[in-house]
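Subject: Structure for your review

Dear colleague,

Please find below the structure that I am handing over to you. A summary of the findings comes after it.

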Amino acid sequence: MSTEPTFIPLDAIRRAPVPDPANAPTEDIRELLFDLEDAGELIVQRVPEPYVEVMTKYGRMKKIPLDKTWHHKSCGQCGHIPGYSTSIFWLNRQFGMSYDDPTDQTSCTAWNYYASATSNAVAQAAVASRNFAAAYATGFYPMIHCGTSYGHYKETRAELVHHPELRRKVRDIMAKLNKPLIVPEEIVHYSEWIHVMRDKIAERQVRDFSSITASIHPACHYYKLVTEDAIYDPDIYGGQRTATVTGLVEAVGSTVGDYSTFFDCCGFGFRHILVQRDFSRSFATQRKIEIMKEEANPDVVITHDTGCVTTLDKSQFAAKAHQRNVGVPVLSDAQFAALAMGAHPYRVVQLHWHATDYTALLEKMGIDWEQSWAEFESDLKRIESGEIEYLSWEDADA
Amino acid sequence: MRSDRVVVVGAGPAGLEAARLAAELGSPVTLVEKNEVAGGMPIHAHYATLTHHFRSAEGAMREMIDAVTSNELVEIRTGTEITSVSGSVGEFTITVASNGTTEVVEAGAIILATGFQHFDPSRETQQYQYYEFPDVITIVDAEKMLKEENFVTPTTGKPPERVAFIQCVGSRDRQIGNEYCSKVCCGISSKQAIEIRKMVPNARVFIFYIDMRMYGYWENEIYWPAQEEYKVNYVKGIITEILSKNGRLVIRGEDTTMGRPMEIPIDIAILSVGMEPSAGTRTMAKILGLTSNKYGFIETDRDILDTVTTTVPGVYAAGAATGPADLDDSIASAGAAAAKAVSLLRTTAVTV
Amino acid sequence: MSTMAPPMPFTADRGATLAPNSYVDVPYEEKLRLWEEVKSDDRFPDYLYGCYDCGICVAACPSAKYYDFSPRKIAQAAAREDVELIYEQMNDDVWNCSQCFSCNRCPRQNSPGGLITLLREVSVKNGLASAKDALEGYGRVVYKIMTTGTQISPDMLQPDAFPDWGPDVEKTSDNLDLWRRALPPETLHTTETSWVVSDETLIELYLIWLHSDVMDIIKEADEGLHMIILDVMEETLEDAGYEV
């Protein structure tokens, strides 16, 4: 053997092929849904125009609606990270998309189901169908804020399609609610909307994110539950990891800080975050944040699910107290996109609800956070003085 | 019109052997090969050596090609594809196309030796990142490097310190839809592990497996020597994911024998990709109206009692066109197909 | 998808277990009954095919890194129908699972996480001691989800609930009402409206609980909790003219 290194440019000849849907190892659930609709068993809510078609894991195309969306909110977002949903709505408003923020919805109840098993398949499918029926009645299309709701609803959809007895039971319950059995043509996560809008987001970008390194945490329930339904792209990670979130981070010109525990979960654990939080804390910091710090030293972690933002962000306090190598702010893709498009870090993105110090990140984004906070404090004073009752959308963009 | 000609499709090991034997039995043979060069996968995929005797692939295929070209009864048509077939046993009319011109060949029997293709890792559902990390390669890439006697880490150009084979990529996997075992990958990986140890003596070589399928003499000729003489590390437990840690690959899995998680930095990961039916096998099955199994391999009509007779009278299949096969299997089934084809033509010639 | 051969009749056999088990007081027939209940679930055939011990699920599993827990052993015990071992797992292991479903990448297409969901459901439905333990301190969450349609309500952000999340929780809770009012979306303006579910919606949710046997599950797991939830549901439903 020669002692001089010889490079074999394997990467030059390797380009991920575009998957052929004819080779997809799974059935196309949408075709089965339409068959059931033809048989009078259920109603399929069609994705309204305008929509964008985007490729999923096995090369099939998925329709992502742009306008007239019915926002299936996340219990944890509304409760703990309200800047998350606010940013999603803000982005819709910026692009002039109409949306519905309804009160006729429950959470998917899957968190409780996964945590404690105090529910069952029939109840879970009925809750999903009830929420779908509520969306259908408005004419707007369901857009799901939470990764778990999204994954769980996809599972529920598959169960409804494959088990006639379950379908019958759920249809009977729906009849008692005077509602038909409704299943949407596509189950759509808001981060998929952001993914297909990423070039438009970049066009409207007003802040320079090129000096920012972001590590990505993909949400397990987004791509591990019913994996064929998640977005993949041969140009992102050679098509072998989901493209959602990473696509946005690249589009706004940031560097993706890769790390070796990318596929690990965040540590949320459903019952663990509630009653065994030492596990969640340890996992989030030792397997995710510390590894990211060591290998990529990111300015921020970007993810796309309620539980992931919560666990990765809040777990860092205790680790910091033990002098561990942590301290990376955690944002959702929606908040990151909103900041890129000039959203106010407090009025819109509501960063004061986050735990890990984010001020260095804001400085890197060219945001004078002290001035922004002063602006927000003056808003608070106006509210306290009774000058205004609430902060309005107009105030948020003032 | 009745013909005593046998048309063999595919000039890989099985096709060459079928053509040789049919001609030696006295039948005129037309051997059709779509590539410009005969020799099949061992030549086109740049195999270094054959499993299990470590014989040079080029040398072995040269011997097979010479045996065919030296027989005047064999007409070889390379760069030629079959576009349609009509007629039935004893009187097939086969249209072949070459360089834009078409011709008709009359034949009494057809032997398909259209073979397999290597599984493309873009379809694997594990997380091995073949299209992301240049240091993740397949046994096909490794074979080429071994043939060039230049086994180095692609990103550094330096000899690797640690090499890991991952078995059953694209095989034995319900999520991909390939539930079958590809038969040869355990042997090929072990053969390559020995070759790597010879070429890069300082490299540690691991083979991560679910079950080692080293039947017959592969056990004493490859498996035991790999363990005993070449100190290849066999670990039962398949790899879950390959990612990059500070520029070097890291693989994770469970060492199921010891019941403990593994996380090992490595220089080269070699995906032991299995077999799928080739495009030629699929196309010919369609043209001839043959029954294929759900994987696209050609089915034979009497299962284990007849491994070469297809569902269409006068059409036989040999080698990996009927399913994963090693070279010994392919040569044996090619011989059976040739003997059955020639025997059929002789019997029908008498009875008609 | 593969076509599965018709199932062979298989009777789990006590003789399969050679190791001493830790639940000798529980009759084998009871353990078998619970296992049969798991198997009778419609989802069971989608969650377990067979297991060749490859360990892919273990390296993907977060809980396996911090607990004596192995999704491979769950799948193996189920595939072998080792009723004694399954009973032990139902009483312990299954509560360690994080339900992330990383194990869904199984090449045999098993879902150990899904299997655990079924084991947990049967464990709760039959009031196993471990299920009662697991649900202890959890009643408030179950109450909240079943009566309000959410497990996290905005007023829960109190420092005593999250002592390990740092001083920011206190800051947030001190300013909760004011900060809520500084959120532009109307629904987020107050802690009450931030997860507001209309009355009609709640009635529908209660009807789902009543008609899907969920109330029976709760009763088995925690009788007191069952009574409290039922009271709330009955009041709302009766006010709306439903007979319960």
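Predicted model: local features only at pLDDT ≥ 70, side-chain atom pairs only at ≥ 80, totals over all residues.

Residues are numbered from 1 along each chain as its sequence is written, and chains are lettered from A and ligands numbered from 1 in the order in which they are written.

Domains of chain A. The assignment (bounds come from an automatic or database domain assignment) gives domain 1 (27-190) and domain 2 (206-375). Their centres, taken over C-alpha atoms, are separated by 25 Å. Helices (H or I, at least four residues) and strands (E, at least two) are DSSP runs, numbered from the N terminus.

Contact of chains C and A. Chain C contributes 61 residues and chain A 70 residues. On the side of chain C that touches chain A, α13(C) gives the most, with eight residues. By class, that side has 32 nonpolar, 19 polar and 10 charged residues. Here Ala, Val, Leu, Ile, Met, Phe, Trp, Tyr, Cys and Pro count as nonpolar, Asp, Glu, Lys and Arg as charged, and the others, Gly among them, as polar.

Strand pair in chain B. Strands β13 (residues 204-209) and β14 (residues 233-236) of chain B pair in the parallel sense over four bridges; pairing requires that DSSP finds at least two bridges between the strands. B:Tyr209 has B:Lys236 as its bridge partner in β14(B).

Helix pair in chain C. Helices α5 (residues 71-80) and α6 (residues 83-90) of chain C pack at an angle of about 140°, with their axes 8 Å apart. Axes are lines fitted to C-alpha atoms, for helices over the stretch in contact, and angles run from 0 to 180 degrees between N-to-C directions. The contact is made by C:Ile74, C:Ala77 and C:Ala78 of α5(C) with C:Leu85, C:Ile86 and C:Gln89 of α6(C). These residues divide into five nonpolar, one polar and no charged.

Yours sincerely

Notes:
Contact = placed C-beta atoms within 7 Å.
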